Amino acid sequence: MNKDLEHNFVTHLEQNQNIVHKVCRIYTSDQDSHNDLFQEITIQLWKAYPKFRGEAKFSTWMYRVALNTAITLYRKSKRSVKTSDYDLLSFKISSEEYDYEDEQRLALMYKAVKQLNDIEKALVFLYLEDKSYREISETMGISEVNARVKMNRVKTKLKKILNP
């Protein structure tokens, strides 16, 4: 295992770990599931890291891997996450505690977002992260026009959920 590769990965992950926490927040409903999904996304990022060529920003690539991992796991397992063994990985990552209290004012929005399908959740997540439609289209692998159309439909759907 290349120590430089491992060091670069850990540095990138530590700098961008809130991306993974936010993805976990959207796709899980309790701390244990959040931790399991965080662990699985970290493992998938590590497995995919040697193929990261730097053509996109690390954070854009990280969004894609994290969202794809969450969507794939939850489609396969119907909301029960089966994870890989974290102890097999030799590096240790310093973790920031994710403070749910800071997000209490968003609880209603999260509740509404949880009623969306997996792709809609990913769109909302990227939109709330202030990503441009170009960045959303790159991350999701769809056209920019398609990203705009889908996002407008999701906004309408959320309005109906929040204001029945």
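This tour visits aromatic pairs and salt bridges in a predicted model.

Residues are numbered from 1 along each chain as its sequence is written, and side-chain values use heavy atoms, without hydrogens or water. Because the model is predicted, local features need pLDDT of at least 70 and side-chain atom pairs count only at pLDDT 80 or more, while totals for chains, interfaces and linings use all residues.

**Aromatic rings**

Begin by selecting Phe9, Trp46, Tyr49, Phe52, Phe58 and Trp61, which ring pairs link into a cluster. Rings of Phe, Tyr and Trp (its six-membered ring) pair if their centres lie within 6.5 Å; planes under 30 degrees apart are stacked, over 60 edge-to-face and the rest tilted. The whole structure holds 10 aromatic pairs. One of them joins Tyr127 and Tyr133, tilted at 40 degrees with centres 6.4 Å apart. Tyr133 is buried at 15% relative accessible area, whereas Tyr127 is partly exposed at 32% (buried is under 20%, exposed over 50%, partly exposed in between, with a 1.4 Å probe and protein chains only).

**Salt bridges**

A salt bridge is a side-chain nitrogen of Lys or Arg within 4 Å of a carboxyl oxygen of Asp or Glu; the structure holds 6. Select Lys57 and Glu135 next: their closest N and O atoms are 3.6 Å apart. Lys57 lies in the loop between helix 2 (31-48) and helix 3 (58-77) and Glu135 in helix 6 (residues 133-140), so the bridge ties together parts 78 residues apart in sequence. Helices (H or I, at least four residues) are DSSP runs, numbered from the N terminus. Glu135 is buried at 15%, while Lys57 is partly exposed at 49%.

Finally, select Arg53 and Glu55, a salt bridge with a closest N and O distance of 3.0 Å.

Terms used: Helix = DSSP H or I, 4+ residues; strand = E, 2+ residues; numbered from the N terminus.
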